[in-house]
Structures are given as structure tokens and as C-alpha cells.
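Open the model in your viewer and keep the selection tool ready. This tour goes from one stop to the next.

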Amino acid sequence: MRPFKQVESRVVPVDRSNIDTDALIPKQYIKSIERTGFGKYLFDEWRFLDKGEPGMLLEQRIPNPEFTLNMERYQGAEILVAQDNFGCGSSREHAVWALEDFGIRVVIAPSFAEIFYANCFKNGVLPIALEPEKVETLIHSALSVDGFSLLVDLPSQLINMSDGESLSFSIDPYYKLRLENGYDDIDITLTKLDQIARYEQKRREQEPWLFTV
Amino acid sequence: MSPQTLFEKLWQRHLVHEPRGVESTEPSLLYVDRHLVYEVTSPQAFEGLRHQQRKPRRPETIIATADHNVPTTDRTQGIADPFSRAQVEQLNKNCEQFGIREFRLGDVRQGIIHVIGPEQGATLPGMTVVAGDSHTCTHGAFAALAFGVGTSEVEHVMATQCLAVPKMKTLLIRVRGQLSAWVSAKDLILHIIGQIGTAGGTGYAIEFAGSAIESLSMEGRMTLCNMAIEAGARVGLVAVDQKTIDYLEGRPFAPKGEHWSAAVDYWRTLHTDAGAEFDQIIEIDACAVKPMVSWGTSPEMVVAIDEMIPSLSGSVDSVKAEAAATALEYMGLKSGQAISEIEIDKVFIGSCTNARIEDLRTAAAVVKGHKVSQRVKQALVVPGSGLVKAQAEVEGLDAIFRDAGFEWREPGCSMCLGMNDDRLQPQERCASTSNRNFEGRQGAGGRSHLVSPAMAAAAAIHGHFFDVTKMFEVCDA
């Protein structure tokens, strides 16, 4: 996984609550057996006016000019700001793969659905939960100030604004460690193989019916 | 020992490793007893294993089937859609390579993973159950600690039999009283989500308890726990009682002989102890629950059948008001409209929420002797598994549905998410027994209304939403 230290970028707002993973990546695209190439389908039903199917080329599509991700001023944004309960619904990790492949490295919202939140950390994407009023201010700035940018620094857990102000955010220390270093958590767990084997032995005695195949 | 909640008991039992101190950079490591795998969220996980030259630690704990992508019509010709076919074939190959038990298309045991797990007795009390699907919370109905994970975690569980999970807080939802006739677990959970919102349970493991829950069948409890995720909670739980044990006895994967009696003894301890403390408690009055219908694009946008679409324009919460306005525009509805006047184009009875035998019995009891309204273009019944389908056919339910004008299909997820050909067309309105009414969920531009099987059946007959309790008032009197 790509380590995450710092991202400085303009900010794209998607001013909606309950953005579900079906909206992030519609069903027809999750038939892929690959892990890459989902970025071109991110927010498909909102980003495009035509109906998308797997394999369609971007040049063939009709972009929705009113959707923020299509606007010139937000091109290249690596930070996305949205309303509460971001990533709710289906557990499909394809939603994070789509965000990451599109170039989004940070999502800021008042709250996240848990499975989506966990999926972000497997893919080098940093979800930041901030108080609703602070998110509202960021969305307002992103909508009204051309080129509005932020610097997100993971080690210091700070979001720095160009006017010198900064907002701090909290993050689970284990999640932070993994993201900062790009650790593979299977590797981490596999260092505990002895402990896992001891545990299995104990459970086998307690609940033998779980070990009879 | 101090009194414990059911969640705490399950959590402690599965801890392989516990972090020391709040600032620890180590997670809690939980052991996983049962892993359910299907075609959509697993191919990249298997690929990851191959890439790292790893193998599943205990392949015998995994059960696989194809459900999301499968056709529900004639299967003798295989799967026509090349993308769907490739995904299902990939699952077959992966299961073969790694020695994983799979119920393939054509096997009567194939079906929606959250239906077949309990049906096979592969979901047992006291287990941890995971799957790369958010509705894994369904299995909590058996006092199993069950939750959905992403594909990276599917790979993690296969490789290590463990998962690093942040500990949840506990929320007790106590439902007092009894549900009225024709009011079901589906109406109850929609009512609860309407009260606490789609993020009301975020960060919590919900335990459902109280007299109304005790009265629910195992099928009803599965429906209830299934939609815990729609309230934001990854985990929904119900304590073990005699119904749990009776349901499991004799099922293929359930323990046998002396293991059975030892298992039952242990399972009977799987309830919250008197005096145990929860982080939060919510009280619900079952008698106040009516048949529910969702009107918007989030499961929290829901009201009772005798209500009108609410007006949120004067709401202090501007984000909520805007969301409601956007939803109503998408749904082609207006605030103040009576729910019972909303006409429908399609009906879907199915999904991991409501495709079990009891659901089909209830819907058939409503449908019997009636015809699907002329207004309704298509009415589908999609059983949750091959075994549910077979049982329904033994009972003659298929004939009741067919005679009324329903289509009787093969098992799978079908129109709940429309990965196969069962979809809504733009602006088509559907009475659906599924779990999500998100924009485009059942097909791009489609408009979904979440209801119970009885309410879906009533809507099919009338062509618009109709209070199913009113259809039977004469008989009750």
C-alpha cells in the first residue's frame, strides 16, 4: 500500500449526506475481477448524463456539467469534502478503489460508515471526521473560493489552510501507523501466528464442534 | 465475574490478542469461525493470496456460493452476461484451487449467502461470522458476532483466520409489547431506522431484546438483524432461546451427538446477564408499529402506510431538508402526498432481508385468491435459496403466486441490487422487500419503496400501496 504522509491539493465538494457506495460505484462495474481501473466510473450516475456500462470509453460519455467533479476549477483535486454518513450501504471496497484510482487521497465528512472507513485504510486513503460546522465551512469555502486548497498532514494530524489557520483531527493510532508507513496488515497479523495457534487449541477444547469440519 | 452483555461475551471469547492501553498501536485481533464467500467481493482477495503465495488458513471454515450475479430465469443455458459469467467462473476456479466448499448453480443448496448460512446450520450461536457483504449482520439473529467486511479483509481472514477490528460500543434496543397482526419484523426495523436514522447505530453493536423480539420467529429475527447495517451498525444481535436451538437442530452443519448437547449447554449462556450495562438504550413500543413504506432514497425516509410524505422544509436541520428535497425530486413525489395513493410499476419479493420461507408464506397468504393489478408491469418472487424454493413448491406457494400473475424465479439477490437482468428501468416505481432504496440501487433511475412481504403483496394486488391490515379486518372481527 502507498504510504500516506501529506497531501496538498484543491478541494472538491460534494454537498450531500448519506453518499452510499452504490453512488460511488454502481453495480454494473463491480462485476470486474480486477482491483484497478474503477476511477473512470466514480460517481457514475451523478457524473454522467448517459447510462454507463463496463468497458465504455470516457470520451464516449456525456458528462454532467453541474456535478462538481466535472468542473474545471476542481480538476486534480485530491481532497473531497461531503456531508455525514459518507460511504454507507454496501461493503464493496470497489468504492474506495474508485476514489483512489480517480486521485482522491483524503475524504473529509462529519461521519463515515464503518466498513467504508476501514476499507479506506487498506488503500492509502485518509478519511477525516470533523465536526459538522467545520465541514460546513470547508464546503462553503470550496464552493465559493476559486482554487480553495488544503494541506493535510497525517503525522501532525492537522489540516492547514492557506490563511495560516489549522484544524486538528483524530485518528486511531494503529490505523495511523499503518497508513503512514503503508504497512500490509496481513503481514502484521502473520507475526502473531503462534498466538493464533495457541488460541485455536484453546477454542478446540472449548467448542470442539467448530473443528470437526 | 461482573454481568456482561451478549456482545461482550462474544467479543471476549474471540480475542486472540488484546491491545494494551488506549494509545497502543496494536488492534484487537478477533478470531473468525465462519467465512461466507461469494463472487463479487472475493476475486481480488483470492488474487492477493496467489500474489503473496499464501493459502487460506482453514479452508474448511469457508462456504462459497454465487448469488449477486446469477440469472433467476432459466439457468440451463448458463449466464449470458459475459462479465457476470466471468465472475462466477472465477469463483468456481478459486474454490477449486484453494479447496473451498462451494454450492454451485444447479445445487439446491445455492442461494443468497445470508439465507443459506443459517439454513445449512453453518451459522451457529457463539461464532464469529464474516463475509464481504454488509448484510452479514443477518447472522446475529443466532447470537453470532457477524459483520460485513471489505475485500482486503476477506483476504486477511482467509490468510490469518483473524481480523483486526476496533471494538464497538453497545446499544440495546428493547422492544416492548407485541407487534400487531400483519405487522412484521421488517416494519419494526424500518420503524426503528425511521426513529434513530441511518447513522444512529454507527460505532455500535445493537442487541435487540424485549417481548416483541422473543415472539419473533428466527426468520423474523434475521430480517431484523439484517437491516442493522441500515441503521449504521455493523452488528445486530439477538440472544439464544429455545427457538434458536430448535431451528438449528438437525441442520447439515450443526453439531451432532454429544457435541450437540455440549453446544446447546454453551449456547444457553449466550444472552445479556441481568444488570449488565449498555452504552446506550433505546425503548420501542411494538404496539405503535404500523406497516411501513419508505418514500425517499435513504431507509430513514420512511413513514407508516396511513401517513403522508412529511414536509421537512421548515426543519432546523438544513442538510436533512436538502436531502429530503433531493430525494423527493428523484422519487417523483411531493411532501403532503398520501402514501396509500402512490401507484407502483413493479413488485419485488426477495433479497437477504425477506426471501425466507416465512416471508413467502406471508406474501402468499395475502395474494391467495387475488390477481396482480393491471397497473403492475412485473411482479417477481425470488426465493432466497434453492431449498426455500423447493419447500415453497411443496406447500403450493408457487402456484398461488403464479395464479395471481407473479413470476416465480430461481434463487439469488436479483432485483435487490440489479446486478443481473432483474432491474428497474428509469423512473419505474417498485414495492420492494429489499433493504436499500438508494438512488439507482435497483436500476439506474429506478424508484424503490421498502416494504414488508405482506405489504409488497398488498401493493401488487391494488397497484398502489395499501394497508395490508385492512385486507383482513373482516376476518379478524
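Predicted model: local features only at pLDDT ≥ 70, side-chain atom pairs only at ≥ 80, totals over all residues.

Residues are numbered from 1 along each chain as its sequence is written, while chains are lettered from A and ligands numbered from 1 in the order in which they are written.

Now select helix H15, residues 453-462 of chain B. Helices (H or I, at least four residues) and strands (E, at least two) are DSSP runs, numbered from the N terminus. In H15(B), 10 of the 10 residues are buried, so the helix is largely enclosed by the rest of the structure. Buried means that 20 or more other C-beta atoms, placed from the backbone, lie within 10 Å of the residue's own. B:Met455 and B:Ile461 are among the buried residues.

Next, go to strand S19, residues 447-450 of chain B. Both faces are covered. B:Arg447 and B:His449 are buried on one side, B:Ser448 and B:Leu450 on the other. Strands pair if DSSP finds at least two bridges between them. Pick B:Ser432; its bridge partner is B:Leu450.

Last stop: the open sheet S1-S2-S8 of chain B, with 3 strands in antiparallel pairing. Its edge strands are S1 (15-17) and S8 (162-164). Finish at B:His17, which stands opposite B:Leu29 in S2(B).

Definitions and conventions:
Buried ≥ 20, exposed ≤ 12 C-beta atoms within 10 Å, placed from the backbone.
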